[in-house]
Structure formats: C-alpha cells, structure tokens
Amino acid sequence: MTDFRVGGDDFEVDGRPVRLLSGALHYFRVHEEQWAHRLRMLRAMGLNCVETYVPWNLHEPRPGEVRDVAAVGRFLDAARREGLWVVVRPGPYICAEWENGGLPHWVTGRLGARVRTGDAEFMAAVERWFGVLLPQIVERQVDRGGPVLMVQVENEYGSYGSDHRYLRALADLLVGLGVSVPLFTSDGPEDHMLSGGSVPGVLATVNFGSRAREAFESLRRHQATGPLMCMEFWCGWFDHWGAKHVVRDPREAADALREILECGASVNLYMAHGGTSFGGWAGANRGGGELHEGPLEPDVTSYDYDAPIDEFGRPTEKFWLFREVLAAYAEGPLPEVPPQPPALAGPVTAHLTVFTALDGVLEALGGPEAEYAVPPSFEDLDVDRGLVRYAVTVPGPRQPYPLRARGLRDLALVYVDGERAGVLTEEEPDLAEPVAGHARAELWVESLGRVNYGPRTGESKGITGGLLHERQFLHGVRARGLRLDAFTASGVAGLPSAAAEGEGRGLHRGSFQVSGAGDAALELPGWGRGFVWVNGFCLGRYWSAGPQDALYVPGPVLREGVNEVWVLELDRAGEPRVVLR
C-alpha cells in the first residue's frame with residue numbers, strides 16, 4: 001500500500017517529496033485496445049501520472065440505464081500496469097469539449113439552470129450516479145494498492161457558479177462514498193474563479209497555458225501553503241467546424257512547460273494525447289468573447305488538440321521537446337518510445353451500393369411520432385445526439401408570409417410540399433422565400449453538439465421558441481426523433497433500400513476488403529455533413545465546412561477481409577464512395 005498526501009508545499013509518497021508529472025488522456029476518446037500504447041507513450045515522454053475525466057452522459061444515456069461503467073476501472077488497471085499513477089476527475093460536470101459538458105440531456109432538460117447547484121433534485125441524481133461510479137475509483141486508490149492519487153471536486157466551477165454549499169456537499173459526498181485520497185479543485189488563475197471554485201480544506205490548483213509565475217502568485221493569494229500544481233497546462237487547443245485549425249508553436253509550449261517546473265510545481269499536460277470524440281459526442285462552445293453568450297461554435301470530431309502525441313498516437317515535435325524538458329525531472333532514464341501501431345496497408349476504396357432515404361431511416365429507427373401543440377425540444381423527445389423531423393401544416397388559403405423557427409438550435413433543412421426550400425440557422429431563422437397556405441412544411445433539425453462551457457451549458461436543442469407564420473404561431477406540430485445510438489447492426493440490416501436520387505439524404509452502405517488492417521484516415525470527397533460507422537463503430541461527424549477533412553479510424557475497428565461502412569448524409573451526398581488511407 002502507498003501513502004500519498006498533501007504535505008506543507010509538496011506532494012508526498014510514503015513520506016518523501018514527489019512531483020506529479022501528469023498528462024491528460026481520456027479513456028473514452030481512445031479505443032480500448034490502444035490504451036496500453038498511449039499510456040506507454042506518456043511514460044516515454046517523461047510522465048509519471050495520467051489524468052482522465054469521466055463523462056456521466058456516456059455511461060448513463062437514460063435514467064438508470066448504466067452502460068459499461070466498468071470501463072473506468074479497466075482504464076485505471078491499465079494505467080497501473082504501465083507504471084502510472086492516476087488523477088481522476090469524475091464531475092458531475094467535466095467540460096472537456098464533450099457533449100453537454102458530460103451532463104446527461106435528461107438531467108439538464110428537466111432542471112435547466114438548477115444543475116451545478118445544491119438543488120435537491122440535481123444532487124439526488126448526482127448521488128445516484130456517484131453511487132454507481134465511485135466503487136470503480138475507490139477500490140483502486142493508492143492506499144488500497146491501486147494507482148489513484150487524487151480525485152477532483154466538480155470542474156472549473158469558479159468559471160460558472162458561486163454555490164459553495166454545492167461544492168462542499170460534493171466533497172462530503174465523495175468522502176462519504178469512500179474517497180480517502182486527497183481531493184482538489186481546478187480553476188483559472190483569476191481571483192473571481194479561484195474564490196468561486198475553491199473549497200476550504202481542499203487543495204486548489206490552477207489552469208493556464210502561459211505566464212506560470214503570475215498564475216501561481218494568484219493561487220498563493222487564495223492558498224498560502226500546499227503544493228503548486230497546474231492541473232491543465234494548455235499545450236495545444238481544440239478546433240471548431242468552419243474555423244481555422246489551431247496550433248501552438250512547439251518551442252514556445254516547451255518553454256512554458258519549463259517555466260512551470262522551474263517554479264517547483266507539478267503539472268498536468270492538457271492534452272498529452274487528445275484522441276477522438278467518437279460517436280458524435282463532440283460538444284460546442286458559445287463565441288462572443290469572455291461572456292460566452294455569442295454564436296454557437298461546434299467542436300470538430302478530432303480531439304487531436306495539437307497535443308504532443310497526435311490523434312494517431314504518433315510523437316510530434318512537441319513530444320520530443322517536452323521529453324527533453326521532463327527528462328531533467330525524471331527518476332532515472334526515460335523508457336524508449338514504443339513502436340507505432342500498424343497502419344492500413346495501402347489506400348482502400350469502399351463503394352456505397354445500398355441506400356435508404358432519410359424518411360425511411362426515420363420510419364425504421366426513429367422514436368414514436370406524435371402531435372404537439374408546440375414543437376417539442378430534443379430533450380422532450382429523449383434525443384441526445386441526432387436529429388428531429390418537425391412537420392406542420394400552414395393553414396390556408398392565405399397569402400405568402402415568412403416562416404420562422406423561433407429559438408432554433410442548431411440547424412434546420414426545410415422542405416415545403418416536398419421541395420427543398422432552404423437552410424435555417426440560429427442566426428438566420430427565417431426562410432428566405434415566404435410560404436403561402438395551404439402547405440406542408442417539414443423541418444429536419446440537427447443538433448451540432450450541446451454547449452460544454454459557460455452560462456449556456458445545458459441549453460435545450462431543437463425548435464425551442466415555436467414555429468411562426470408571420471406573427472402567428474403554428475400549432476399541431478408532429479415530431480419524431482432519431483438518435484445516433486439507434487444505428488445498430490440489426491437495425492440497419494432491416495432497412496429498406498433503393499437507388500439514391502436527388503440529394504441522397506439518407507443512409508448509404510457499402511463494403512470493402514482489407515488485407516493488412518491498421519490505423520487509417522477515412523475521406524469523403526464531395527460529401528456534405530453527417531456521420532460515419534465502420535463495422536458498427538461510429539467514427540463521428542464529418543462536415544465539408546472543415547477544417548477537419550478526414551476521420552480517424554482506429555486499427556482495431558478494422559478486420560482482415562470484408563468490412564462494412566455506413567454513411568448517414570444529412571445534406572447533399574457526394575460520389576457513392578469513401579476512401580481509407
């Protein structure tokens with residue numbers, strides 16, 4: 001057993017000072033068969049610890065429907081086998097550029113602004129979830145022979161709220177469920193964030209990307225003693241659809257890391273290896289500056305993060321520079337860099353020969369359709385990731401008037417009497433051409449990812465303010481939702497098929513042969529926007545808006561011989577093929 005504690009100004013392991021050299025690696029963004037390789041890459045970079053979040057919504061997509069929470073324990077065991085300690089950040093909110101900041105849609109949809117507070121209903125849901133999750137962590141703490149050194153209370157709460165009773169209740173809940181290792185909080189180095197997010201008696205840490213000395217001076221104003229730690233050293237950054245790819249100069253990042261260590265502090269690289277937001281779980285941000293109240297900025301599928309270990313698990317220039325910096329603080333020589341996983345042996349083209357129109361997909365795999373007085377939200381229809389078809393009759397006779405989707409989140413393709421009439425967005429919710437009655441309007445609304453940071457975390461998706469024709473609300477709206485997790489092998493096998501026509505909106509299927517399986521990049525030249533599955537594994541969203549132009553395919557997803565690919569196109573299809581390189 002190991003004794004780990006927060007000393008005067010140091011972390012201590014069995015009575016001796018130790019510096020935590022940690023790297024963020026999210027088990028849910030890396031294929032399980034590749035965990036060992038990525039953890040060995042962390043060790044080879046010079047790290048002695050790995051940090052991970054736990055996304056509540058991934059493991060409990062519906063109330064009481066818990067899925068593979070044992071994956072948390074398996075990852076902790078994998079880290080221990082590779083000689084790494086672990087820092088666990090269980091939430092309930094995690095941010096992480098993840099859908100809804102990790103909070104389930106069925107919690108935020110019901111409670112709204114009451115989430116992340118001491119509200120009794122929210123805390124009851126958290127207690128139930130933590131009662132399921134915490135045994136995976138508690139039994140693997142260092143004082144029980146496991147790798148877990150520390151557990152976080154909430155996440156960057158000072159950027160969001162000021163309910164200190166909530167934070168205290170969470171800390172007490174963690175201890176009551178068996179957490180005996182040190183607890184900590186993490187916040188930005190601004191005074192209002194540290195004062196809002198700190199808990200008396202709990203170690204405070206700070207998150208930043210540069211100017212370490214200033215950040216630690218700020219921390220010391222709020223916490224006079226205790227180890228200094230940058231819990232998130234932002235050595236890269238994430239991308240948004242339709243924006244430029246973000247990179248950070250490797251040497252500048254290495255100098256910033258060196259400054260942290262010269263302060264005598266511990267560090268957690270965010271991210272050491274970003275991985276991929278598989279399954280359509282990428283979140284979104286709100287632009288508009290520091291207040292985060294502006295336009296929606298959906299996150300791309302890749303979470304490469306310009307990290308020192310890239311999305312394919314390869315060392316970058318940043319890796320080698322960080323390794324050089326970290327080697328000076330290592331106990332002995334660093335391990336050799338492990339060989340890279342195999343790559344796909346040559347390019348492969350998959351021809352898409354089977355097609356089911358989107359209406360047919362919705363009919364077969366969607367939820368029940370019903371009529372509502374006003375448009376229901378995605379939360380009302382129990383849709384976490386996916387889309388909803390709203391259908392309404394514009395009564396007549398009447399002259400043409402503007403049609404508006406009030407409070408639209410996020411994007412709607414509109415059809416009037418079966419003809420494509422336009423695309424609506426939050427910023428442009430009015431149809432360009434007025435609609436006369438009598439007419440049938442269909443609005444296919446897609447969520448581009450729920451907000452994961454700031455005051456609008458947890459906001460609902462869909463048509464949230466009603467459908468208007470001129471100034472008149474339209475009632476009697478029929479709605480039906482389609483969740484991404486409805487796309488199973490058995491469900492897809494039973495779909496009707498026909499020749500693709502027109503825009504090709506729907507599910508395209510095909511197969512391809514592999515000889516020499518390995519990591520690959522999947523390209524969809526000329527396609528618009530949608531999702532891809534390979535052998536039933538959802539790679540995530542693609543979008544011609546860029547900057548991401550290919551999807552990462554983990555080698556373990558492919559198999560020798562025949563492989564299947566499904567492409568759900570939600571706008572306009574390209575040539576009926578995809579390419580794996």
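At what angle do helix α1 and helix α10 pack, and how far apart are their axes? They pack at an angle of about 50°, with axes 8 Å apart. This is a predicted model, in which local features need pLDDT of at least 70, side-chain atom pairs count only at pLDDT 80 or more, and totals for chains, interfaces and linings use all residues. Residues are numbered from 1 along each chain as its sequence is written, and side-chain values use heavy atoms, with hydrogens and water left out.

**Helix pairs**

- Two packed helices are described by the angle between their axes and the distance between the axes.
- Axes are lines fitted to C-alpha atoms, for helices over the stretch in contact, and angles run from 0 to 180 degrees between N-to-C directions.
- Helices (H or I, at least four residues) and strands (E, at least two) are DSSP runs, numbered from the N terminus.
- Helix α1 covers residues 35-45 and helix α10 covers residues 317-327.
- Their angle makes α1 oblique to α10; angles under 35 degrees count as roughly parallel, over 145 as roughly antiparallel, 65 to 115 as roughly perpendicular and the rest as oblique.
- M41, A44 and M45 of α1 meet F319, F322, R323 and L326 of α10, where contact means heavy atoms within 4.5 Å.
- This contact has 6 nonpolar, no polar and 1 charged residues. Ala, Val, Leu, Ile, Met, Phe, Trp, Tyr, Cys and Pro count as nonpolar, Asp, Glu, Lys and Arg as charged, and the others, Gly among them, as polar.
- Helix α8 (residues 212-222) and helix α9 (residues 250-262) cross at roughly 40°, and their axes come within 9 Å.
- That makes α8 oblique to α9.
- A212, R213 and F216 of α8 touch E259, I260 and E262 of α9.
- Here the classes are 3 nonpolar, no polar and 3 charged.

**The barrel**

- In the order β4-β5-β6-β7-β8-β9-β10-β11, 8 strands close into a barrel with parallel pairing.
- Neighbouring strands are turned by 30° against each other on average, direction ignored.
- Strands β10 (residues 229-234) and β11 (residues 266-273) pair over 4 bridges; two strands pair if DSSP finds at least two bridges between them.
- F233 has L269 in β11 as its bridge partner.

**Nonpolar cores**

- A nonpolar core is a set of buried (under 20% relative accessible area, 1.4 Å probe, protein chains only) Ala, Val, Leu, Ile, Met, Phe, Trp, Tyr and Cys residues joined through side-chain atoms within 4.5 Å.
- The largest has 112 residues, of which M150, F216, F233, L269 and F322 touch the most other members.
- Helix α5 (residues 120-138) gives the largest share, 10 residues.
- A second, separate core of 29 residues includes L358, L484, V492 and L570.

Conventions
Buried < 20%, exposed > 50% of the residue type's maximum accessible area, 1.4 Å probe, protein only.
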